[in-house]
Amino acid sequence: MHEEHFHMTAPLILVNLKTYKEGMGNRAHQIATAAQLVARESGAVIGIAPGYIDLHPICHHFAIPVYAQHVDGYEPGARTGHMPVEAIKLAGAAGSLVNHSERRLTLAEIELAVRGIQTQKLSSVVCTNNDITSAAAAALGPDYVAIEPPELIGSGVSVAKANPEIIRRSVAAVRAINPKVKILTGAGIQSGECVKIAIDLGTDGVLLASSVVKAPDPVVILRDLVSKL
Ligand SMILES: O=C(CO)COP(=O)(O)O
């Protein structure tokens with residue numbers, strides 16, 4: 001379902017399913033079901049970024065924003081093993097992550113992907129690793145810059161608690177370049193308290209993975225994540 005159907009001025013909680021076994025197939029549907037339930041009962045905007053195989057069915061079964069984890073900015077045509085923006089749009093995606101720490105791109109590829117996403121009127125989330133790269137990403141004019149210190153990704157240690165300074169500096173850097181660009185932060189986000197700290201530091205939401213994807217019951221974690229909004 002496309003993003004214009006959602007109130008995107010509200011904070012965005014975006015759950016990246018990565019290629020975790022606990023985020024594939026039936027389990028991807030279970031997490032999407034949990035996201036939709038908690039979004040409905042709380043009024044929060046909760047999106048998920050499943051793998052490509054699960055993208056199309058999840059887009060069509062759930063009324064939540066669904067993002068691809070990566071997209072190529074190339075035009076459709078004689079290329080093999082790439083993912084054009086048109087393909088994720090046809091699948092029903094709201095947008096895509098670009099340049100995740102686990103799927104790094106060159107600057108030229110990031111720019112191409114952001115332009116392609118804009119051309120298709122989808123939402124772009126460019127991931128960055130520090131305040132300098134956040135400023136560079138903001139110069140490309142994406143919808144979101146998502147700052148995630150790589151050393152804290154998957155660590156269980158929350159960026160909001162361990163390194164609020166990097167969030168503060170990134171917010172300032174992005175605002176100085178382009179105040180229209182929204183900001184997410186991530187790495188180790190696991191509770192409503194983490195989300196509240198991130199929002200209080202001036203971000204527009206969070207990008208997270210393991211705390212939800214690996215939870216025995218994702219509903220419990222998602223309810224906690226939205227509890228202080
Ligand atoms: O990389 C991330 C989200 O894209 C963060 O992962 P964790 O929430 O597992 O630290």
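**Why these words fit this structure**

Me: K18 lies in the loop between β1 and α1. Why is K18 called buried?

Reply: This is a predicted model, where local features need pLDDT of at least 70, side-chain atom pairs count only at pLDDT 80 or more, and totals for chains, interfaces and linings use all residues. Residues are numbered from 1 along each chain as its sequence is written. Now to K18: it has 20 other C-beta atoms within 10 Å. Buried asks for 20 or more such atoms, placed from the backbone (12 or fewer is exposed, in between is partly exposed), so K18 is buried.

Me: What is noted about the phi of K18?

Reply: Its phi is near 50 degrees, a positive value in a residue other than glycine. Most residues other than glycine have a negative phi. N99 also has a positive phi, about 65 degrees, and is not a glycine either. N99 sits in the loop between β4 and α4, and with 25 other C-beta atoms within 10 Å, N99 is buried.

Me: What makes E148 buried?

Reply: E148 has 28 other C-beta atoms within 10 Å, so it is buried. H100 counts as buried too, with 24 C-beta neighbours inside 10 Å.

Me: Which residues is H100 in contact with, leaving aside neighbours within four places in sequence?

Reply: They are Q69, H70 and C127. Contact means C-beta atoms, placed from the backbone, within 7 Å. On the same terms, the contacts of E148 include S101, C127, N129 and I153.

Me: How do you know which side of α8 the buried residues are on?

Reply: In α8 (residues 192–200), C194, V195, I197 and A198 are buried. They cover an arc of only 160 degrees around the axis, so they are on the same side of α8; the arc is that of the directions from the helix axis to the C-beta atoms. Among the elements covering them are β1 (12–16), α7 (164–177) and α10 (218–225). Just after α8, G202 has a positive phi of about 105 degrees.

Me: What makes a nonpolar core, and which residues of the largest one touch the most other members?

Reply: A nonpolar core is a set of buried Ala, Val, Leu, Ile, Met, Phe, Trp, Tyr and Cys residues joined through C-beta atoms within 7 Å. The largest has 74 residues, and I13, V15, I31, A35, V126 and V145 touch the most other members. Helix α1 (residues 26–42) gives the most to this core, with 7 residues. Not counting residues up to four places away in sequence, V126 touches residues including V98, I110, L140 and V145.

Conventions: Helix = DSSP H or I, 4+ residues; strand = E, 2+ residues; numbered from the N terminus. Contact = placed C-beta atoms within 7 Å.
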